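These are my notebook entries on a structure that I had not examined before.

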Amino acid sequence: MAATAALALTALALPHGGTGSATGGNADLAAAAGALVWSDEFDGPAGAAPDPAHWNHETGDHGWGNGELQNYTDSRENSALDGDGNLVITARQEADGGYTSARLTTQNKVEQAYGRFEARIKIPTGQGVWPAFWMLGDNFPETPWPNSGEIDIMENVGHEPSTVHGTVHGPGYSGGGGIGASYEHPQGGAFTDDFHVYAVEWTPDSITWSVDDVAFNTLTPADLGGNTWVYDHPFFMILNVAVGGEWPGYPDQTTSFPQQMVVDYVRVYDL
């Protein structure tokens, strides 16, 4: 990946600023989803690759701008269908002590402005394990990050199993200055224990985050402190599991491998 692409992950590496945490309620913030316009249900035989008509593999072991440890590969050892309607992204510790994982994008294949973008995911766990479902503007990397815009639908750092984060990054509000909120498991449990639906509902003048249809944060242009709203053009989606990095920290003796992010589906609706 080019140096500008590595910068995009810098946004994921730092603790996020924003409007604080929320623990539920606020379901009235969520708009009703309209027609399904695209989905990947990950149906197919066990061991098959993710559909190449939908997904690209980004590969490499250069730290991705965040001091990450994994080498992203296109191997079925790191990303494959399980035969039960799921995509499994597997982070592994290899015999040489290094780590491998996968990072999948829909760039130049599935890109849309506005709508409901959702995925039903069972996330992995452990110190230094960093799953994410997020989006970048379709003008990236020609328009450098953060001017291209970034919408983090769901991030989790493995040492906080009961917390997920939703954030935007743009010009003047990127990295540690990203604007967003965290959401705590409503029963005090761990998001790693089951599937949950992580979504954003994005209109020309707002982005609303939800978990299991409970909306927990809405941002509008007025919330950017006078900075530019860059969420006015198509974005593409990204699924990945990183290992290590400045924000999640690094694996230690408590971290077990392999760790798997299991994705039941990814769907895009009109609003």
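I began with isoleucine 151, which touches Trp134, Met135, Thr167, Val168, Val200, Trp202, Ile207, Trp209, Tyr231 and Phe235, not counting residues up to four places away in sequence. Contact here means heavy atoms within 4.5 Å.

I noted that this is a predicted model, in which local features need pLDDT of at least 70, side-chain atom pairs count only at pLDDT 80 or more, and totals for chains, interfaces and linings use all residues. Residues are numbered from 1 along each chain as its sequence is written, and side-chain values use heavy atoms, with hydrogens and water left out.

Of its 50 residues, Ile121, Ile151, Tyr231, Leu239 and Val266 touch the most other members. Strand S18 (residues 235–243) gives the most to this core, with five residues; strands are DSSP runs of E, at least two residues, numbered from the N terminus. A second, separate core of seven residues includes Ala132, Phe140, Trp145 and Phe236.

I then turned to the backbone. Tryptophan 145 is joined to proline 146 by a cis peptide bond, with omega about 10°. I located proline 146 in the loop between strand S11 (129–137) and strand S12 (150–155).

Finally, I recorded that asparagine 108, although not a glycine, has a positive phi of about 65°. Asparagine 108 is exposed, with a relative accessible area of 67%.

Technical notes:
Core = buried A, V, L, I, M, F, W, Y, C linked by side-chain atoms within 4.5 Å. Buried < 20%, exposed > 50% of the residue type's maximum accessible area, 1.4 Å probe, protein only. Helix = DSSP H or I, 4+ residues; strand = E, 2+ residues; numbered from the N terminus.
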